[in-house]
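Please go through this protein structure with me. The briefing below takes strands, side chains and charges in turn.

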Amino acid sequence: QTQLVQSGGGLVQVGGSLRLSCKATGMILSTFTGSTMGWYRLTPGKERELVASRIPGGETNYADSVKGRFTISKDNNRRTVYLQMDNLQPEDTAVYYCNHHTQSGHDYWGQGTQVTVSS
């Protein structure tokens, strides 16, 4: 069965970088390549925010709060989506979730990973 397994979170200083990974285990290639992929984050007291997304054609979109600092990418052979986060700031502290929205309309979610940015 398909699962999204996340890794790469942790504690980082202001201005540092992290790369989050989201591996789609058990997902066939056609489903992986045909899915819209996104990274969300959730902070206590705030609404869930879509920070980055990629459609199958390759277009990417970013929230204004992370534009220029975050980059979403993927590796089809590894069935993995990445979120490269640079110049991290305290307001980036959140639990980050990977999402795949398939062409058939099904949503898969990763388990979430904590990112903490401190001075």
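A polar contact is a pair of N or O atoms within 3.5 Å; within protein, one must be able to donate a hydrogen and the other to accept it, and residues adjacent in sequence count only if both atoms are side-chain atoms. With that rule, the side chain of Thr80 reaches the backbone oxygen of Arg78 at 2.9 Å.

This is a predicted model: local features need pLDDT of at least 70, side-chain atom pairs count only at pLDDT 80 or more, and totals for chains, interfaces and linings use all residues. Residues are numbered from 1 along each chain as its sequence is written, and side-chain values use heavy atoms, with hydrogens and water left out.

**Strands and their partners**

- Strands (E, at least two residues) and helices (H or I, at least four) are DSSP runs, numbered from the N terminus.
- Two strands pair if DSSP finds at least two bridges between them.
- Strand β1 (residues 3–7) runs antiparallel to strand β3 (residues 18–25), and five bridges join them.
- Within that pairing, Gln3 has Thr25 in β3 as its bridge partner.
- β3 also runs antiparallel to β8, with six bridges between them.
- Strand β7 (residues 70–75) is joined to β8 by six bridges, again antiparallel.
- Which residue in β8 does Ser73 stand opposite? It is Tyr82.
- Ser21 stands opposite Tyr82 too.
- In a regular strand the side chains alternate between the two faces of the sheet.

- Thr80 lies in strand β8 (residues 80–85).
- Is Thr80 buried or exposed? Thr80 has a relative accessible area of 6%, so it is buried.
- The cut-offs are these: buried means under 20% relative accessible area, exposed over 50%, and partly exposed in between (1.4 Å probe, protein chains only).
- Contact means heavy atoms within 4.5 Å.
- Leaving out residues up to four places away in sequence, Thr80 touches Ser21, Cys22, Lys23, Phe32, Ser73, Lys74 and Asp75.
- Ser21 is found in strand β3.
- Ser21 is buried because its relative accessible area is 15%.
- Not counting residues up to four places away in sequence, Ser21 touches Val5, Gln6, Ser7, Trp39, Thr80, Val81 and Tyr82.

**Rings**

- Rings of Phe, Tyr and Trp (its six-membered ring) pair if their centres lie within 6.5 Å; planes under 30 degrees apart count as stacked, over 60 as edge-to-face and the rest as tilted.
- By this rule the structure has one aromatic pair.
- The ring centres of Tyr40 and Trp109 are 5.1 Å apart and the planes are at 50 degrees, so the pair is tilted.
- The pair links distant parts of the chain: Tyr40 is in strand β4 (residues 36–42) and Trp109 is in strand β10 (residues 107–109), 69 residues apart.
- Tyr40 is buried at a relative accessible area of 17%, whereas Trp109 is partly exposed at 38%.
- A charge sits over a ring if NZ of Lys or CZ of Arg is within 6 Å of the ring centre and within 35 degrees of the ring normal.
- The charged end of Arg48 sits over the Tyr40 ring, 4.9 Å from its centre.

**Salt bridges**

- A salt bridge is a side-chain nitrogen of Lys or Arg within 4 Å of a carboxyl oxygen of Asp or Glu.
- How many salt bridges does a search of the whole structure find? The search finds five.
- One of them joins the side chains of Arg41 and Asp92 (2.9 Å, N to O).
- Arg41 lies in strand β4 and Asp92 in the loop between β8 and β9 (94–101), so the pair ties together parts that are 51 residues apart in sequence.
- Arg41 and Asp92 are both buried.
- A network of salt bridges links Arg41, Glu49, Arg69 and Asp92.
- Lys67 and Asp64 meet in a salt bridge at 3.6 Å, N to O, and both residues are exposed.
- Arg78 and Asp75 form a salt bridge at 3.9 Å, N to O.
- Arg78 counts as exposed at 53% relative accessibility, while Asp75 is partly exposed at 25%.

**Positive phi in loops**

- Arg79 is found in the loop between β7 and β8.
- The hairpin of β7 and β8 has four residues between the strands, and Arg79 there takes a positive phi near 55 degrees.
- Arg79 is partly exposed, with a relative accessible area of 22%.
- Asn87 lies in the loop between β8 and β9.
- Its phi is near 50 degrees, a positive value in a residue other than glycine.
- Asn87 counts as partly exposed at 40% relative accessibility.
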